[in-house]
Amino acid sequence: MLAIIKTIDRFLDRLTMYMLVLYYLMALVGAAFMLGFVKLVPHDPITLAFTTALALAACWITNKIFALIFEVPANNESVYITALILALILDPVATTDLKAIAAVAFASVWAISSKFILAVGRKHLFNPAALGVALSALLLDQSATWWVGGNLSLLPIVLIGGILIVRKLRRLDLVATFVVVALATVLATTEPSQYGVALKETLTSSPLLFFAFVMLTEPLTAPTMRWPRIAFAAIVGFLFSPNVHIGSLYFTPELALLAGNLFAYAAGPKGRFVLTLERIEQSAIDSYDFVFKSPRKLAFQAGQYLEWTLGLDHADNRGNRRYFTLASAPTEETVRLGVKFYPQSSAFKRELITMKPGSRIHAAQLAGNFTLPASPETKLAFLAGGIGITPFRSMLQYLLDRKEARPIVILYGNESQEDIAYRDVLGAARQQLGIKTIHAVARGGGRGQYTGYIDERLIRLAIPDYLERTFYISGPQAMVKALRQKLRTLGVRRSRIKVDYFPGFA
């Protein structure tokens with residue numbers, strides 16, 4: 001079982017979050033199309049294909065127009081995701097049904113345009129697909145049927161793909177809270193004699209699971225921090241129940257989500273930033289820091305990450321968005337992005353390296369729990385590999401600016417001397433705060449350095465009190481997983497191990 005999980009994780013690590021969701025939706029539409037020929041899906045495959053093409057075309061054209069008007073990068077993955085969701089929740093329409101065609105086009109146009117029009121600080125407020133179908137129901141009396149959630153033939157794909165999405169995003173708390181609250185609300189509003197029927201219908205004949213896996217987890221309209229995220233899931237789960245109403249208004253899945261989006265906006269970081277490149281600094285061989293000016297002060301905690309977006313003429317299968325940890329400290333005036341470049345870098349990185357002073361990049365979705373503990377007395381150990389030193393650079397610079405000494409030991413692993421980044425900050429932390437860095441260098445280790453990779457022997461030698469410390473691990477995914485296992489073998493409790501993670505890793 002462990003080997004299977006590792007294989008799955010390796011597969012997921014090669015995909016961005018957006019591409020995984022896109023492939024999932026494509027699989028559902030493709031399966032529904034094929035099953036339609038044998039009548040296992042109650043829709044004609046030709047009408048499904050036409051509706052999908054209509055939604056894709058309407059979403060793509062709308063996105064292009066608004067991206068040009070608002071001068072922002074066009075996110076094609078989001079366009080395709082929104083269109084495929086609409087194709088799966090709106091009844092397929094025939095080529096001769098002009099009213100239904102207009103409703104699909106209307107929902108598609110509003111879904112995409114809402115990202116630009118109903119936005120505060122360049123960040124859209126509502127889940128696009130939910131808003132599109134809600135307006136279609138309100139203004140055209142053409143409601144979403146959520147047919148994808150009520151089909152047993154599609155349920156295996158819904159489940160398998162959904163579990164992969166939850167695994168990738170690490171949002172089990174979000175999905176589980178929503179499902180538990182939704183089911184509890186259904187039971188609380190149902191006669192006890194009908195509990196079995198109500199549970200069966202909710203789990204197999206409602207959009208509960210598809211909604212949880214795809215709609216609820218949409219990152220830009222859900223809270224990023226744990227407790228607001230759980231509250232958001234509980235609110236949406238409660239309103240999702242078909243028996244919940246306010247007067248004569250009964251909530252639909254899309255209305256439940258839109259209500260939750262309002263809470264998410266109130267509880268989360270506000271806005272999207274347009275950052276202007278000030279300069280580029282080389283931090284190590286093939287590693288560079290992009291230093292940006294921000295139109296307003298960015299409030300964050302050292303160790304958090306942002307989603308970065310570039311306009312690409314020719315995006316690869318990883319798209320034009322990336323999650324990167326901020327290398328700058330909250331106390332610095334500029335925003336610093338540290339990136340390692342490889343011979344086969346993605347289209348995003350190839351575009352990034354061509355940026356010149358004055359070039360702009362879009363940043364949003366500030367999140368992350370890989371931050372310093374509240375108590376300055378907590379003993380810490382930072383384990384970094386390669387460019388994984390970036391969150392620690394943020395933390396150390398923050399402590400230097402505040403002149404705040406903490407009991408921290410750093411183990412920093414690299415392939416060679418040339419790969420060591422941020423020597424200036426590491427040196428300053430040692431001199432001014434007494435924070436020691438032990439370098440583990442695989443090839444060409446120097447005096448006072450450990451030859452090889454970070455391992456159990458180095459941890460014992462450099463950190464004799466390791467059982468008293470909380471470990472922070474950041475670096476390549478393989479290294480992070482290996483070190484976490486080594487620490488567990490050494491007897492370090494799971495609760496004392498924190499790893500740097502963001503959902504778009506690929």
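First, some ground rules. This is a predicted model, where local features need pLDDT of at least 70, side-chain atom pairs count only at pLDDT 80 or more, and totals for chains, interfaces and linings use all residues. Residues are numbered from 1 along each chain as its sequence is written, and side-chain values use heavy atoms, with hydrogens and water left out.

**Two partners for H2**

Helices here are DSSP runs (H or I, at least four residues) numbered from the N terminus. Axes are lines fitted to C-alpha atoms over the stretch in contact, and angles run from 0 to 180 degrees between N-to-C directions. Here is how H2 (residues 17-37) sits against two other helices:

| Pair | Axis separation | Angle |
|---|---|---|
| H2 and H10 (residues 208-215) | within 11 Å | roughly 150 degrees |
| H2 and H3 (residues 45-70) | 8 Å | about 155 degrees |

Start with H10. The crossing angle makes H2 roughly antiparallel to H10 (the label for angles over 145 degrees). Tyr-24, Leu-25 and Leu-28 of H2 meet Phe-210, Phe-213 and Val-214 of H10, with contact meaning heavy atoms within 4.5 Å. Sort the residues of this contact by class and you get 6 nonpolar, no polar and no charged. For that sorting, Ala, Val, Leu, Ile, Met, Phe, Trp, Tyr, Cys and Pro count as nonpolar, Asp, Glu, Lys and Arg as charged, and the others, Gly among them, as polar.

Now for H3. H2 and H3 are also roughly antiparallel to each other. On the H2 side, the contact uses Val-29, Ala-32, Phe-33, Gly-36 and Phe-37, while H3 brings Pro-45, Leu-48, Ala-49 and Thr-52. The class count for H2 with H3 is 7 nonpolar, 2 polar and no charged residues.

**A closer look at Gly-36**

Gly-36 belongs to H2 and is buried, at 2% relative accessible area (buried means under 20%, using a 1.4 Å probe and protein chains only). Skipping residues up to four places away in sequence, Gly-36 touches Val-41, His-43 and Pro-45. Its C-alpha atom is 8.8 Å from that of Ile-46, 10 residues apart along the chain.

**The core**

A nonpolar core is a set of buried Ala, Val, Leu, Ile, Met, Phe, Trp, Tyr and Cys residues joined through side-chain atoms within 4.5 Å. The largest one has 86 residues, and those touching the most other members include Tyr-24, Leu-25 and Phe-210. H2 supplies the largest share of this core, 13 residues. A second, separate core has 28 residues, among them Ala-284 and Met-395.

Conventions:
Parallel < 35°, antiparallel > 145°, perpendicular 65-115°, else oblique. Buried < 20%, exposed > 50% of the residue type's maximum accessible area, 1.4 Å probe, protein only.
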